[in-house]
Amino acid sequence: MEPEPELLLQEARENVEAAQSYRRELGQRLQGLREARRQIKESASQTRDVLKQHFNDLKGTLEKLLDERLVTLLQEVDTIEQETIKPLDDCQKLIEHGVNTAEDLVREGEIAILGGVGEQNEKLWSFTKKASHIQLDSLPEVPLLVDVPCLSAQLDDSILNIVKDHIFNHGTVASRPPVQIEELIEKPGGIIVRWCKVDDDFTAQDYRLQFRKCTSNHFEDVYVGSETEFIVLHIDPNVDYQFRVCARGDGRQEWSPWSIPQIGHSTLVPHEWTAGFEGYSLSSRRNIALRNDSESLGVLYSSAPTYFCGQTLTFRVETVGQPDRRDSIGVCAEKQNGYDSLQRDQAVCISTNGAVFVNGKEMTNQLPAVTSGSTVTFDIEAVTLGTTNNNEGGNFKLRVTISSNNREVVFDWLLDQSCGSLYFGCSFFYPGWKVLVF
C-alpha cells in the first residue's frame with residue numbers, strides 16, 4: 001500500500017534537507033582534504049628547495065657525488081609524496097562521488113516536490129524509495145593535519161669536511177617533524193604549552209618553543225631547554241597566537257624541523273596586583289610584585305577578585321629576602337586593610353617557612369619552606385552552599401589544596417558568606433621578595 005501523498009511530500013522534503021546537509025558535510029571534508037594535500041605538496045616543495053639549495057652549495061668539489069645523493073633523496077621525497085597522497089586521492093574520489101550523488105538526489109527531489117501531489121505520486125514514491133537506499137548519514141573520515149605527513153629534510157653544513165664514504169649517507173627525508181605540540185591550556189594572562197615526541201627513533205636533548213601573534217610575521221623564542229611544558233606569559237586575552245616547537249638531537253647542533261603551528265588563545269582576564277601600594281614595586285603588566293625597602297607594612301592584594309573556584313592559581317617566587325614567620329601568600333574572601341598579613345579570618349595562606357594558616361589558625365600540616373624558584377598553587381572547589389550544621393560559624397565551605405615543592409595539603413575552608421570570586425594577596429616583612437602570579 002502506497003503512503004499518503006502528504007506523507008510522501010513531507011518525507012521528500014526531509015530527504016532533500018538531509019541531502020543538502022550531507023552535501024555541506026562532504027564539502028567540509030573536501031576542504032580538509034585540500035588542506036592536507038596542500039600541506040604535503042608545500043612541505044614536499046619546500047623540502048625539495050632546501051635539498052637543492054644545500055647540495056648546490058656543496059657542489060664545488062664534490063658535484064658528481066652530491067648529484068647522485070640528491071637524486072636518491074628526491075626520489076625518496078617523490079615516493080613518500082605519492083604513497084601518502086594516494087589515500088587522499090581515494091578519499092577525494094569517494095567524497096566527490098557522494099557529492100554528485102547528493103546533487104542528483106537534490107535535483108530529482110526538487111522536481112518531484114514541484115509536481116505536488118496527485119498525478120505526481122508516482123514520482124514522489126520513486127524518489128522516496130531511491131533516497132531511502134542512499135546512506136545520507138554516512139560520511140568518510142578525513143585525516144587531521146597532524147596525522148598527515150609533512151615532509152622535511154635534515155642537513156649538515158659540515159659535509160665539506162666529511163670523507164667520501166660519509167657523503168652517501170648525508171641527509172635524510174622525514175615525513176613529519178619529530179616533535180608536535182600536544183596541548184594548549186589557557187591561563188589568566190598566559191597559555192601552558194605542552195609537547196611530545198612523535199618519533200621514537202629521535203633522541204631529544206633540548207627543545208625550542210616559539211610563539212607569535214597570528215597578525216605578526218615574526219616568531220620569537222620563549223623557551224629553550226629539556227622540559228616538555230612551558231607557560232607562555234604576556235598573553236593578551238582573546239587574541240590568537242601561534243605556537244611551534246622543534247628539538248635538537250642528542251650530541252647535535254642543528255635543530256629539527258618545526259612542528260605544525262598550533263593556534264591558541266586565553267579568554268581569562270590576567271591576574272594583576274594593586275598598583276600604587278607603598279612597599280611594593282610592580283612590573284609593567286602588574287603580574288610581578290617586588291617587596292622594596294620601604295618601611296610600610298601591609299597586605300598587597302589583587303586589583304580585583306579575579307580568582308574563581310575551579311581554577312588553579314599559581315605563585316612563583318622569583319627572588320627571596322629574609323624570611324619572617326608573618327610572611328603570607330594566599331587568597332581571601334575580601335580585602336581587609338589594617339592587617340599586615342593574610343594570617344587572619346576569611347583567608348587561607350602559606351608562610352615563607354611553609355606554615356599553612358586557615359582563618360588565622362595554623363594547621364598541623366606544614367609544607368616545605370619557600371625558596372627562590374618555588375611555585376605555590378591554590379586549587380579551590382566549592383563543597384557546600386548554605387548554612388552548615390556544625391558550630392564553626394561558616395555558611396560557605398570550600399575545599400582547598402595548596403601545593404608547594406611537590407607536596408600538598410588539603411583542607412576545608414569555611415567562610416561567613418558565599419562569594420563567587422576571591423582576591424589573592426601577599427605580605428613580606430623584609431625587602432627582596434619577588435612574586436609572579438598567573
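These legends describe close-up views of a predicted model. Local features need pLDDT of at least 70, side-chain atom pairs count only at pLDDT 80 or more, and totals for chains, interfaces and linings use all residues. Residues are numbered from 1 along each chain as its sequence is written, and side-chain values use heavy atoms, leaving out hydrogens and water.

**View 1. The chain is assigned domain 1 (20–169), domain 2 (179–264) and domain 3 (280–437).** These bounds come from an automatic or database domain assignment. Taken over C-alpha atoms, the centres of domain 1 and domain 2 are 27 Å apart. Domain 1 gives 6 residues to the contact and domain 2 gives 6 residues; contact means heavy atoms within 4.5 Å.

**View 2. Domain 1 and domain 2 bury about 490 Å² between them.** Buried area is the accessible area (1.4 Å probe) that two parts lose on being put together, summed over both. Carbon and sulfur atoms hold 62% of it. On the domain 1 side, Val-146, Ser-152 and Gln-154 lose the most area to domain 2. Together they account for 60% of what that side buries.

**View 3. The interface of domain 1 and domain 2 has 0 salt bridges by the rule.** A salt bridge is a side-chain nitrogen of Lys or Arg within 4 Å of a carboxyl oxygen of Asp or Glu.

**View 4. Cys-332 and Cys-349 are placed in a structure with 0 disulfides.** A disulfide is a pair of cysteine sulfur atoms within 2.5 Å. For Cys-349, the nearest cysteine sulfur is that of Cys-332, 9.7 Å away.
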